[in-house]
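Student: I would like to learn how to read a few features in a structure. Can we start with charged side chains?

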Amino acid sequence: MLKELLSKIDAKLLRRFGYYFGGLALGVVALTYINKQKGTTFNYGPTARVLSQIRLKDTLKISDKAQKILTQYHLDSLDIQYVLHKGDWNRDKSHVHQKPCPDYWIDATIGKNINDEIVRNKFSFIIERCEYTATITDIKVN
């Protein structure tokens, strides 16, 4: 039965499919290589876009109020980077239409090893995104 089906399919058509999929595979490999060299990211979801916009600002500032919370809970720059890469954007609490600098609530759970015990806390980072800077204005502990 399979032999009969293959005999009905034209050899030229099979060759065309081979060229098509071969070219498609080469194109995908070339596009992947070029995008890796350029550092291009594909942020399809709204949370990924918001976090990317915050990360791409020229400077990230930390207010005095937020700095006190960071010190109190032993959070460092790696934890902030974790929040800016893996956090969840809370749309309900954010003020995205606020002018000139909208603020965004980014929720994340961070675990720290304190005295050989892992302590997990839920944090809400309030980040104000201006034209050239992003500022962590406050951190709420949930």
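Predicted model: local features only at pLDDT ≥ 70, side-chain atom pairs only at ≥ 80, totals over all residues.

Student: What does the side chain of lysine 140 meet in a salt bridge?

Tutor: The general idea is that side chains of opposite charge can pair when their charged atoms come close. Here the partner is aspartate 138, at 3.0 Å from N to O. Aspartate 138 is buried, with a relative accessible area of 9%. Shared partners join Lys65, Asp138 and Lys140 into one network.

Student: How far apart are the closest N and O atoms of lysine 65 and aspartate 138?

Tutor: They are 3.4 Å apart, in a salt bridge. Lysine 65 belongs to helix α4 and aspartate 138 to strand β5, so this pair ties together parts 73 residues apart in sequence. The whole structure has two salt bridges.

Student: How many residues are in the largest nonpolar core?

Tutor: In soluble globular proteins, nonpolar side chains tend to be buried together. The largest core here has 21 residues, and Ile54, Ile106 and Ile136 are among those with the most contacts inside it. Strand β3 gives the most to this core, four residues. Isoleucine 136 touches, among others, Leu60, Ile80 and Phe125.

Student: Which residues form a nonpolar patch on the surface?

Tutor: Leu13, Phe17, Tyr20, Phe21, Leu24 and Val28 do, with about 610 Å² of accessible area together. Phenylalanine 21 sits in helix α2, residues 11-38. An unreviewed UniProt entry lists residues 17-34 as "transmembrane region"; that span is 100% helix.

Conventions: Residues numbered from 1 in each chain as written. Heavy atoms only, no water. Patch = residues over 30% accessible without salt bridge, like charges linked within 9 Å, V, L, I, M, F, W, Y side chains within 5 Å. Areas by Shrake-Rupley, 256 points an atom, 1.4 Å probe, with all protein chains shown as cover. Salt bridge = Lys/Arg side-chain N within 4 Å of Asp/Glu carboxyl O. Helix = DSSP H or I, 4+ residues; strand = E, 2+ residues; numbered from the N terminus. UniProt positions renumbered as here; feature names shortened; annotations may be inferred. Core = buried A, V, L, I, M, F, W, Y, C linked by side-chain atoms within 4.5 Å. Buried < 20%, exposed > 50% of the residue type's maximum accessible area, 1.4 Å probe, protein only. Contact = heavy atoms within 4.5 Å. Lists of a residue's contacts leave out its neighbours within four places in sequence.
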